[in-house]
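Here's a short tour of a structure, written for someone new to reading them. Have a look at the sequence and the 3D view, then read on.

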Amino acid sequence: MNRLPRLAGAVLHALGIDPAVIGDLEETSRAGRSRFWCWRQVAGILFLGPMPPFVIGWSMLLITFALFQMAVAGPLWITARQTGQWTPALVALLVGGYAAFALAAWFVTRFHRRATAAALISRTARVVLMTVLVVIIVELCGAAWVLLAAAAPAPPQDVESVWRAPVATTLRG
Amino acid sequence: MNRQFLTDFELMILLAILRLGDEAYGVPIAKEIEEIGGRTALLGAIYAALERLEHNGLVTSSYGDPTAARGGRAKRYFAVTRKGLKAVKATQRAFTALWSGIPALKGGTT
C-alpha cells in the first residue's frame, strides 16, 4: 500500500495547507497512486491551490517591509548617518516592523475568516518570536561591531597631513 | 457576487457536487470530473475553484470526522447553495441558447 511521502505531508503541513486537502492526498495515495503522481499533486496544491494564511501573511510582511524601506527607513538612515542621531531611525524601524506585522495579520484574518482566532494566535506567536529573533540579531551585530572597532588599528589623527606629506616632499625635490 | 455565469471548470465542479450529494469531498469530486467529465484535474486546482465558489456563496463546506484511512485527517464536504443552483441553471440556459441555431452543431444538443 502506497502512502503519501512523509516530506510532502510535512511541507504541506508547514505551509498551512488545509488538513482536509492533505487527507485527500493521503487517501488517494493509499488507493495505489504513484509517488510521481503524489508530487505532481503537491506541486499543484502549492502553485494552483488556495493560498494558505502562512503565505499570505509572509508575502504581505515582505511587501510592507520593502515599501517601508524605500519610503521611510532609507531616507531616515541616510539622515542618521549624516547627523549622528540614530534614535529616530531605530524607533521608526521598530514601529514600522510592528505595523508590518499588524498589516500582515489583518490580511490573514481578512482572507481566512473561518479561522480568525487560530490565525490571530498564530500571528501573535510569530510576532513575539520574530521580535525576539530581531533583538538577538541586533544585539549580536552590535557586539560584533564593537569587537571589530576595538580590534582595528587606530586611524591617524590628521589624515590630510599624512596624505599631503609625500606630495609636499615630491614637490620640494 | 455580480457574476452570474460560471467558467466551464466551475460548472463541472458544481455538477459533480450535485451528483455526489452527501458524499461530495475532494477525492470523489476529482474522480467524478475525471471519469464522467473526461478531464484530468489537479486537486490544487479543484480546491482553488472550490474556495472561490465558497467565497462567492455558491457552495458551503463542513468538516467530517477524522479517519485512519486519511492519516487521521477529516474530510471537507461541499454542498451547493440555492445561489449556486441558480448559477448552474443560468449557465446551462446561456450555453443552450448559444448552442442552438448553429448548423455545424446540429443534433449536438437536446
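In α4(B), the residues Gly84(B), Ala87(B), Val88(B), Ala90(B) and Thr91(B) are buried. Buried means under 20% relative accessible area, exposed means over 50%, and partly exposed is in between (1.4 Å probe, protein chains only). Seen down the axis of α4(B), these buried residues fall within an arc of 165°, so they line one face of the helix. That arc is taken from the directions from the helix axis to the C-beta atoms. Turned away from the buried side is a face with the exposed residues Arg82(B), Lys86(B), Gln92(B), Arg93(B) and Ala97(B). Here's a handy bit of background: an α-helix has 3.6 residues a turn, so residues three or four places apart point the same way.

A quick note on the ground rules: this is a predicted model, where local features need pLDDT of at least 70 and side-chain atom pairs count only at pLDDT 80 or more, while totals for chains, interfaces and linings use all residues. Residues are numbered from 1 along each chain as its sequence is written, chains are lettered from A in the order in which they are written, and side-chain values use heavy atoms, with hydrogens and water left out.

## Over to chain A

Chain A has seven helices and zero strands. Helices (H or I, at least four residues) and strands (E, at least two) are DSSP runs, numbered from the N terminus. Of the 173 residues of chain A, 27% count as buried. How do a few of its residues compare with the cut-offs?

| Residue | Relative accessibility | Class |
|---|---|---|
| Cys38(A) | 2% | buried |
| Gly96(A) | 9% | buried |
| Cys141(A) | 47% | partly exposed |

Gly96(A) lies in helix α5 of chain A. Its C-alpha atom is separated by 8.6 Å from that of Ala73(A), 23 residues apart along the chain.

As for the cysteines, how many disulfides are there over all chains? The count comes to zero, where a disulfide is a pair of cysteine sulfur atoms within 2.5 Å.
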